[in-house]
Amino acid sequence: MVAATDMHGIEKREGWSSRSAFILAAIGAAVGLGNIWRFPTLAGESGGGAFVIFYIGCVFLLGLPLLLAEIFIGRAGQTDAVGSIRNVAAHSRASSKWGWVGGLGAVAAFLVLSFYSVVAGWVLYYVGVFAGDFGSALMAGEPFRGALAGENEAAIQQRLGDMFANPGLMLGMHAVFMGLTLFIVGRGVHGGIEKAATWLMPLFFVLLVGIVIYGAVVGDMTDTLAFLFTPDWSKLTPEVMNAALGQALFSLSLGIAGIITYGSYITEGTKLGSTAALIAVADTGVALLAGLMIFPIVLSVGLDPAAGPTLVFQTLPFAFQSMPAGSLIGMLFFILIFVAAITSSISILEVPTAWGVGERGWSRPKSTLIFGGAAFLVGIACLLGYNVWKDVHPLGFWDIFADLDILDTVDGFTGKIMLPLGAFFVAVFVGWKADRKMVAETTGLSNGMLVLWRFLLAWLCPIAVAIILLTGLFPAILG
């Protein structure tokens with residue numbers, strides 16, 4: 001039997017059941033801890049409005065063109081990230097060595113998954129904390145009481161430190177989260193990834209909108225709107241602009257080949273331009289709603305919106321204590337973050353899994369187990385860096401990583417180097433090397449939009465991403 005091929009003679013394979021299934025899965029891939037945790041953290045640290053407005057501009061001038069480029073590569077290549085880039089290169093009469101860009105993305109995805117699962121394990125721990133607290137409230141006949149009754153601020157904040165000091169607890173949470181990710185990815189595109197997206201993403205949006213409404217009713221929405229959307233341009237420093245540029249890439253999961261891999265499952269006839277725009281709008285909307293969810297609660301109790309990375313795990317749990325129904329809302333809030341984390345993690349694991357299936361000929365369960373199991377082991381080293389190996393600094397010889405623990409080193413290396421490099425070469429490859437006729441046919445863009453997109457991709461995106469890369473490696477450039 002001869003395998004079916006598309007208009008470019010490339011063999012077809014398993015695909016999404018519909019355009020809406022791909023959109024839900026891609027939004028799930030993009031919407032993760034970067035939106036719910038990292039965006040509010042950066043917005044708080046960067047002074048609010050000016051950062052937010054500049055970030056939105058970065059998403060649509062840089063993030064959207066790169067997002068469409070990755071979807072195009074996957075749709076045209078119809079296999080894993082390495083093979084897809086190689087297929088597009090072959091059709092474009094470019095060197096097959098461009099496939100290494102997909103390999104870079106697959107390695108980056110593997111490393112990101114290793115520490116992402118550890119951080120998601122923290123979320124899972126707090127789901128348990130607030131579920132137990134809400135259960136206690138129900139048993140006491142006070143379902144609408146504040147969270148963590150009887151604990152003072154120091155005790156609530158100490159929970160995070162106590163968790164870090166307990167490697168067994170962290171290992172257990174890491175194992176549960178990684179096990180769930182392996183189970184979903186191992187079941188395949190239709191039976192696992194698509195099914196998870198079609199069930200979890202509607203739940204995610206219901207929880208998100210519900211908690212935003214709660215914050216608007218009981219929190220300080222007036223000050224939140226002023227903080228997030230009234231720009232103080234004096235705060236738009238080079239550091240803030242660079243953070244916004246980086247967040248635009250991170251938020252859309254660009255540079256780790258996840259969107260390329262998901263794009264390879266798209267069926268013919270899908271309008272790629274409008275699909276990419278919808279994903280970018282949804283992802284940005286979620287980030288803004290996350291700010292509208294978190295800051296009204298924080299500001300209403302007089303806490304600092306610039307609390308930094310501890311905002312979600314220390315500041316908000318204390319804020320929930322003095323809020324009506326804080327115990328219930330706290331539980332729902334961490335369930336929301338958990339859903340966002342799991343939909344992203346399955347897209348991250350799918351990248352190396354698809355490589356194992358496409359390039360090595362492994363079965364899906366075997367490939368999933370090999371890469372997920374290996375990422376789990378690297379994750380163990382990351383979590384031990386908070387306790388047993390807290391004095392270990394893997395890249396201590398490098399100034400920008402000198403004081404970082406194991407998890408932050410892996411995070412920093414992928415975020416500062418691998419993701420920008422991946423995004424840079426994707427922009428150069430599609431903007432300069434990909435066959436123009438193939439690009440036009442696959443994307444379905446009108447002539448005017450095609451010219452604009454290729455201009456942004458060939459010129460603006462490489463320059464902007466190069467700035468992110470250089471300033472990340474040499475922060476002294478920013479003064």
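Colleague: Are H5 and H6 parallel, perpendicular or oblique to each other?
Modeller: Let's look at this predicted model together. The axes of H5 and helix H6 (residues 153-164) cross at roughly 125 degrees and come within 12 Å. Angles from 65 to 115 degrees count as roughly perpendicular and those over 145 as roughly antiparallel, and the rest of that range is oblique. H5 and H6 are therefore oblique.

Colleague: Which residues of H6 meet H5?
Modeller: Start from the H5 side, where Trp122, Tyr125, Tyr126 and Val129 take part. The residues of this contact divide into seven nonpolar, no polar and one charged. On the H6 side, the partners are Arg159, Leu160, Met163 and Phe164.

Colleague: Is the crossing of H7 and H14 left-handed or right-handed?
Modeller: Helix H7 (residues 167-186) packs against helix H14 (residues 326-360) with the axes 9 Å apart and an angle of about 60 degrees. Because of that angle, H7 and H14 are oblique to each other. Their crossing is right-handed.

Colleague: How many nonpolar residues does the contact of H7 with H14 have?
Modeller: From H7 come Phe177, Leu180, Thr181, Leu182, Ile184 and Val185. They meet residues of H14 including Phe338, Ile342, Ser345 and Glu350. By class, three residues of this contact are polar and one is charged, while the nonpolar ones number ten.

Colleague: Is isoleucine 260 buried or exposed?
Modeller: You can find isoleucine 260 in helix H11 (residues 258-263). Its relative accessibility is 2%, and the cut-off for buried is under 20%. Isoleucine 260 therefore counts as buried.

Colleague: How far apart in space are isoleucine 260 and alanine 76?
Modeller: In sequence, these two residues are 184 residues apart. Leaving aside neighbours within four places in sequence, isoleucine 260 is in contact with Glu70, Ile73, Gly74, Ala81, Ser84 and Ile85. From C-alpha to C-alpha, the distance between isoleucine 260 and alanine 76 is 9.8 Å.

Key:
Residues are numbered from 1 along each chain as its sequence is written. This is a predicted model: local features need pLDDT of at least 70, side-chain atom pairs count only at pLDDT 80 or more; totals for chains, interfaces and linings use all residues. Side-chain values use heavy atoms; hydrogens and water are left out. Axes are lines fitted to C-alpha atoms, for helices over the stretch in contact, and angles run from 0 to 180 degrees between N-to-C directions. Helices (H or I, at least four residues) and strands (E, at least two) are DSSP runs, numbered from the N terminus. Angles under 35 degrees count as roughly parallel, over 145 as roughly antiparallel, 65 to 115 as roughly perpendicular and the rest as oblique. A crossing is left-handed if the near helix is turned anticlockwise from the far one by less than a right angle, and right-handed if clockwise. Contact means heavy atoms within 4.5 Å. Ala, Val, Leu, Ile, Met, Phe, Trp, Tyr, Cys and Pro count as nonpolar, Asp, Glu, Lys and Arg as charged, and the others, Gly among them, as polar. Buried means under 20% relative accessible area, exposed over 50%, partly exposed in between (1.4 Å probe, protein chains only).
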